[in-house]
2 protein chains.
Amino acid sequence: MKEEGPSESREMPKKTGVIRGISILDLVLRMVAIVGTLGSAVAMGTTAETLPFSTQTVLFQAQYNDISAFRVFVIVNSVVCGYLAFSLPMSIYHVIRIKASKSRALLIFLDSMMLGVLASGASAAAAIVYLAHKGNAPANWSAICQQYQTFCERITGSLIGSFAAVLILVLLISLSAAMLSMRHRRF
Amino acid sequence: MKEEGPSESREMPKKTGVIRGISILDLVLRMVAIVGTLGSAVAMGTTAETLPFSTQTVLFQAQYNDISAFRVFVIVNSVVCGYLAFSLPMSIYHVIRIKASKSRALLIFLDSMMLGVLASGASAAAAIVYLAHKGNAPANWSAICQQYQTFCERITGSLIGSFAAVLILVLLISLSAAMLSMRHRRF
């Protein structure tokens, strides 16, 4: 029961190893989530389709920034991506200093805020993507995907990275909580 | 402050008092979130408006379950409300047993899942509510709120309880994490 940073880890090398392993997993998951959110932001942010016909007055074009939910999606994914990059040094610090507890609690707080923001952004976009595919007869909103196929494929695909990052954030919060609870019980 | 509870709390009565106070706050916040999600589910689930005119073939009527995102919203709010009610005994247990750490970590895990689910459901509905108010010219989706005013007021209002519960869940996760980290450092 007298663990103190790396040097005393001889007493409980197994438990220390487990926590260090989870800390490394935390770091790797953050990197994956960075790729996911960055990919989503870029995929959505570069989506535009011009149909191969136009009338004299109207050019048939669909762009992601025609729709507010998609603009919000790009912003939210960029912000969360930036936050995750910013959290990497802290995650590395936790691999080295496995006894850190205050900073783990801080990360849980920040991660849960980002989880709320990212889940919101991803779902708002998903609701509109669903509408673009299916339309809604009672509200008289027509499915636009029949016209803009490439556009719809891109915006649908761009949701994947974002929802993957949501799942990873739930996992990151849970892992941090598990480590806090293990450390309390074991050391 | 002479908290009795577990025998060891005599050593650090002040810190014990703080943790017990936060545990009680956790319990109260859960109750508020139950009211919020229940209110949202009921408000959305009972929303329907029939316009005071009809043609021979069409009855002008708007119902929440015409729109998938609103059906999902009602289900998600009901599920989270049920979960929160289910978590109350655990929260009460934490007020009594302030040393509990495994169950706090479990609550953080479950709370973060529910946070993801609730934020998703609330935002998907919010995206559609926004569309109902503003419409979207490029996609040729018209604002339906000009016709269905009462319907739109109800669905807009029903979002409030849900988003309040999202904020409360972020707070609950953060409080649990803070308690885990405090307990580790102090006991």
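How many helices and strands does chain A have? It has 4 helices and 2 strands, where helices (H or I, at least four residues) and strands (E, at least two) are DSSP runs numbered from the N terminus. Along the sequence, the order in chain A is α-β-β-α-α-α.

Some housekeeping. This is a predicted model, in which local features need pLDDT of at least 70 and side-chain atom pairs count only at pLDDT 80 or more, while totals for chains, interfaces and linings use all residues. Residues are numbered from 1 along each chain as its sequence is written, chains are lettered from A and ligands numbered from 1 in the order in which they are written, and side-chain values use heavy atoms, with hydrogens and water left out.

Chain A as a whole, then. Of its 187 residues, 55% are buried; buried means under 20% relative accessible area, exposed means over 50%, and partly exposed is in between, with a 1.4 Å probe and protein chains only. Chain A has an accessible surface of about 8600 Å², and carbon and sulfur atoms account for 66% of that. These areas come from the Shrake-Rupley method with a 1.4 Å probe, and for residues only the protein chains shown count as cover. Taking contacts in chain A between residues at least 6 apart in sequence, 75% join residues at least 24 apart. A contact here means heavy atoms within 4.5 Å.

Now the empty space. Rolling a probe the size of a water molecule over the atoms shows where such space is left. The search works on a 1 Å grid over the protein atoms alone: a cavity is a set of points where a 1.4 Å probe fits but cannot get out, a pocket is an open set with protein on both sides within 12 Å along at least five of seven lines, and lining residues have an atom within 4 Å of a point. Points are joined across faces, edges and corners, and a volume is the space filled by probe spheres set on them.

The whole structure has 3 cavities of 30 Å³ or more. The largest cavity has a volume of about 70 Å³. Both chains contribute to its lining, with residues including A:Asn136, A:Pro138, B:Tyr148 and B:Phe151. Strand β2 of chain B (residues 59-63) supplies the largest share of that lining, 3 residues.

The second largest pocket holds about 220 Å³. Its lining has 17 residues, and those nearest the centre are A:Ser68, A:Ala69, B:Ala126, B:Ala127 and B:Tyr130. Two or more lining residues come from each of α2 (68-96) and α3 (102-134) of chain A, and α3 of chain B. Of these, α3(B) gives the most, with 6 residues.

Is B:Ala126 buried or partly exposed? B:Ala126 is partly exposed, because its relative accessibility is 22%. Leaving aside residues up to four places away in sequence, B:Ala126 touches B:Leu159 and B:Phe163.

Last, the backbone. Most residues other than glycine have a negative phi. A:Asn140 has a positive phi, near 65 degrees, and lies in the loop between α3 and α4 (149-186) of chain A. A:Asn140 counts as exposed because its relative accessible area is 60%. In chain B, phi of B:Asn140 is also near 65 degrees, and B:Asn140 is exposed at 61%.
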